[in-house]
Amino acid sequence: DEKSGGEYGLSRVAMFVEPTNLCNLRCIMCNHGDNSFKRGLGVMKFKDFQKISSEIKSENIKLWEFAPFWLGETFIHPQIGDFIKETNILKDEYNAMKHYNIHTNGANLSPKHIKMIAESSMNSILFSIDAATEETYKKIRRGGNFNKLVNSVEELNKIKKELKKNYPAIITQFILMDENEHEIRDFYEFWKKRGIKKLIYAATEKDNPFKDVNIEHDLLFPQTPVDSVFIKSLEPNALTKSQTHRE
């Protein structure tokens, strides 16, 4: 409501717009992994995205969060640069959202993509990784290249520093599963050494191994200060080793 949300009081609405539901990976916990999508696969035409954008502008809509991604790899879209530029305009010129976020598996990022992200008005970009070693990564994120992903994250962090920008905050994500539970702590240490100060750890509270790390509760896609570590323990419906991947 307006009282709790202030200027962005539209029930703290998060709008996710899906540029594509195609993906370049076949992850074991995803519909892409077993081709079980119940709807068609394809890409959104940029003119349709522009229509959504124009309605946000004309209606003076204020969103808590806006994210151009959903059940696909956004950076596969051949016109993703146009989508990002248009969202930059929505944020910078129309003040249409408080948080501008995007998720990626990082496997398709080119140097052009990385530069585009660093120069954008994004508040955060989340890399879905779920492993601390190449061996485990290959088991979960089939078709990906662990070393290429790591290099992309490091390059983005480097360019951000060169531009003297705090944002977009780089978030690395670890979802607990049977295949990776032995690497939880290693994941935290791996990215800490590489200067990444934010991560999401998705599991139930009882599975949280970070008793010695301050847990800062916030939105699932957090906008906490970039110098803080974020560990998220989801209750009670997160993916855990005792639940099915599909759930």
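Reader: Which residues are buried in helix 5?

Author: This is a predicted model. In helix 5, the buried residues are His-113, Ile-114, Met-116, Ile-117 and Ala-118. An α-helix has 3.6 residues a turn, so residues three or four places apart point the same way.

Reader: What do the buried residues of helix 5 pack against?

Author: They pack against helix 4 (80-92), strand 4 and helix 7.

Reader: How are two packed helices described?

Author: By two values: the angle between their axes and the distance between the axes. Now the case. Helix 5 (residues 111-119) packs on helix 7 (residues 146-162) at an angle of about 40°. Their axes are 9 Å apart. Helix 5 and helix 7 are therefore oblique to each other. The crossing of helix 5 past helix 7 is right-handed.

Reader: Which residues make the contact?

Author: Helix 5 contributes Ile-114, Lys-115, Ile-117 and Ala-118. Helix 7 contributes Ser-152, Glu-155, Leu-156 and Ile-159. By class, the contact of helix 5 with helix 7 has 5 nonpolar, 1 polar and 2 charged residues.

Reader: At what angle do helix 3 and helix 4 cross?

Author: Use the two values again. The axes of helix 3 (residues 46-58) and helix 4 cross at roughly 5°. They come within 11 Å. Angles under 35 degrees count as roughly parallel. Helix 3 and helix 4 are therefore roughly parallel to each other.

Reader: Which residues of helix 3 and helix 4 meet?

Author: From helix 3, take Phe-46, Phe-49, Ser-53, Ile-56 and Lys-57. From helix 4, take Asp-82, Phe-83, Glu-86, Thr-87, Ile-89 and Leu-90. The class count for helix 3 with helix 4 is 6 nonpolar, 2 polar and 3 charged residues.

Reader: Now the strands. How many residues of strand 2 are buried?

Author: Count 5 of the 5 residues in strand 2 (residues 63-67). Strand 2 is therefore largely enclosed by the rest of the structure.

Reader: Which strands pair with strand 2?

Author: Strand 1 (residues 14-16) runs parallel to strand 2, joined by 3 bridges. Strand 3 (residues 97-104) also pairs with strand 2 in the parallel sense, over 3 bridges. Phe-66 in strand 2 is the bridge partner of Met-15. Phe-66 also stands opposite Tyr-100 in strand 3.

Reader: Which residues cover the faces of strand 5?

Author: Take the sides in turn. On one side, Ala-169, Ile-171, Gln-173 and Ile-175 are buried. On the other, Ile-170, Thr-172 and Phe-174 are buried. In strand 5 (residues 169-175), 7 of the 7 residues are buried, so it is largely enclosed by the rest of the structure.

Reader: What pairs with strand 5?

Author: Strand 4 (residues 124-128) pairs with strand 5 in the parallel sense, over 5 bridges. Within that pairing, Gln-173 is the bridge partner of Ser-128.

Reader: Where is Asn-157, and what is it in contact with?

Author: Asn-157 lies in helix 7. Asn-157 counts as buried, at 9% relative accessibility. Leave aside its neighbours within four places in sequence. Asn-157 is then in contact with Ile-170, Arg-194, Gly-195 and Ile-196.

Reader: Where is Asn-21 found?

Author: In the loop between strand 1 and helix 2 (31-34). Asn-21 is buried, with a relative accessible area of 2%. Beyond its neighbours within four places in sequence, its contacts include His-32, Phe-37, Arg-39, Leu-41 and Leu-71. Asn-21 and Thr-74 are 53 residues apart in sequence and 7.9 Å apart in space, C-alpha to C-alpha.

Reader: What is the pattern along the sequence?

Author: Step back to the whole chain. The protein has 8 helices and 6 strands. Their order is α-β-α-α-β-α-β-α-β-α-α-β-α-β. Of the 247 residues, 51% count as buried. Take contacts between residues at least 6 apart in sequence: 72% of these join residues at least 24 apart.

How values were computed. Residues are numbered from 1 along each chain as its sequence is written. This is a predicted model: local features need pLDDT of at least 70, side-chain atom pairs count only at pLDDT 80 or more; totals for chains, interfaces and linings use all residues. Side-chain values use heavy atoms; hydrogens and water are left out. Axes are lines fitted to C-alpha atoms, for helices over the stretch in contact, and angles run from 0 to 180 degrees between N-to-C directions. Helices (H or I, at least four residues) and strands (E, at least two) are DSSP runs, numbered from the N terminus. Angles under 35 degrees count as roughly parallel, over 145 as roughly antiparallel, 65 to 115 as roughly perpendicular and the rest as oblique. A crossing is left-handed if the near helix is turned anticlockwise from the far one by less than a right angle, and right-handed if clockwise. Contact means heavy atoms within 4.5 Å. Ala, Val, Leu, Ile, Met, Phe, Trp, Tyr, Cys and Pro count as nonpolar, Asp, Glu, Lys and Arg as charged, and the others, Gly among them, as polar. Buried means under 20% relative accessible area, exposed over 50%, partly exposed in between (1.4 Å probe, protein chains only). Two strands pair if DSSP finds at least two bridges between them.
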